[in-house]
Amino acid sequence: MLLRFAFVLSFIGVVLCSNLTLPEANLRLDRSKTQVCDGVPTAKINKHHEDALKEANTQLQCMINAAYWATTKSHPGDKGGKMHKKYLSMIHDVFGKEANVELINKRVQTLATTTVVVAEDNIPNEKYPKAKGTYATVYDVTRELYLFSDYHAEKNGGQPMTKVSRARVLIHEASHAYEKWTYDWWSAKVQNGKMRSMPVNTPALNLHWAAKEKLDRGEKLTPEEKSHILNPLTSGYWHDGYETLREYMSEMMHDNADSWAVFGYRCLYDKFPVARGPRDKKADPKSVVWNK
Ligand SMILES: [Zn+2]
């Protein structure tokens, strides 16, 4: 479905007479075959999703509009190119100096109209030690979403879980669910004398963690296991390696999952989520759970 451009623009404070149309943000969850684990009343689960989707779509609409202006250098309604400059600068804030603005504009429209199939919901975090601190995951083979009980919790890390925190999870996961074109983990290697950033896929990441665990147990690694260790390795999460990646691999930041959630938040609230101090070794829970 398309919206009249003038209507879309009223959202960011400008009304133009134009026939141009932009897609309407319509991220959806397909919960028709979802297995829901006990523990949270169905009405509450439904309300969490309804509120989070509404918030996510508001953020996505803002992103669609922002990316459009960032790629539109001259428009009769944009006197002096003010809108273009403002939103291009926003894209650079989020994705870095070398952001691929054209690609970001195309991708946000796809992301905003994705339907994500939810395989399981309210999976108890405490049952799976490896799921500690995980709200959700997308299985890379089926592209289906698995939501954990922390997503529905009242609080995490002492911070209240709100529609904003849950919308962050949905936008992040939707970016994985659509043809898995985003990653959470990154490495780098030298190519033609230059350091190049490399996304790390799930099998490689699993081999890395398995080798690390063996090392932690004090066991000796085989040469093959040694080769599985990724160095450097950083995540692209806002509360972790985001700043480093934005500085060193800006041209690939559209392939980082959290970039899309950061973009949505930055666009709608005109600020970034709470920042972790550069010297803090551990993420501040406030920077993990996003609120207004
Ligand atoms: Zn992710």
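Leaving out neighbours within four places in sequence, Ala188 is in contact with Met195, Arg196, Ser197, Met198 and Pro232. Here, two residues are in contact if their C-beta atoms, placed from the backbone, lie within 7 Å. Pro232 sits 44 residues from Ala188 in sequence, yet the two are 6.3 Å apart in space, C-alpha to C-alpha.

Before going on, a word about the model itself. It is predicted: local features need pLDDT of at least 70, side-chain atom pairs count only at pLDDT 80 or more, and totals for chains, interfaces and linings use all residues. Residue numbers start from 1 along each chain, following the sequence as written.

Ala188 belongs to strand 10, which covers residues 185-191. Helices (H or I, at least four residues) and strands (E, at least two) are DSSP runs, numbered from the N terminus.

| Partner of strand 10 | Residues | Direction | Bridges |
|---|---|---|---|
| Strand 11 | 194-199 | antiparallel | six |
| Strand 12 | 234-235 | antiparallel | two |

Strands 10 and 11 form a hairpin with two residues between the strands, where Asn192 takes a positive phi near 50 degrees. On the strand 12 side, Trp185 has Ser235 as its bridge partner. As a general point, side chains in a regular strand alternate between the two faces of the sheet.

Now step back to the whole chain. It has 11 helices and 12 strands. Its radius of gyration, taken over C-alpha atoms, is 20 Å, close to the 19 Å that the globule rule gives for 292 residues, so the chain is as compact as a globular protein of that length. That rule is 2.2 Å times the number of residues to the power 0.38. The C-alpha trace spans about 70 × 55 × 35 Å along its principal axes. Of the 292 residues, 37% count as buried.

How values were computed. Buried ≥ 20, exposed ≤ 12 C-beta atoms within 10 Å, placed from the backbone. Pairing = 2+ DSSP bridges.
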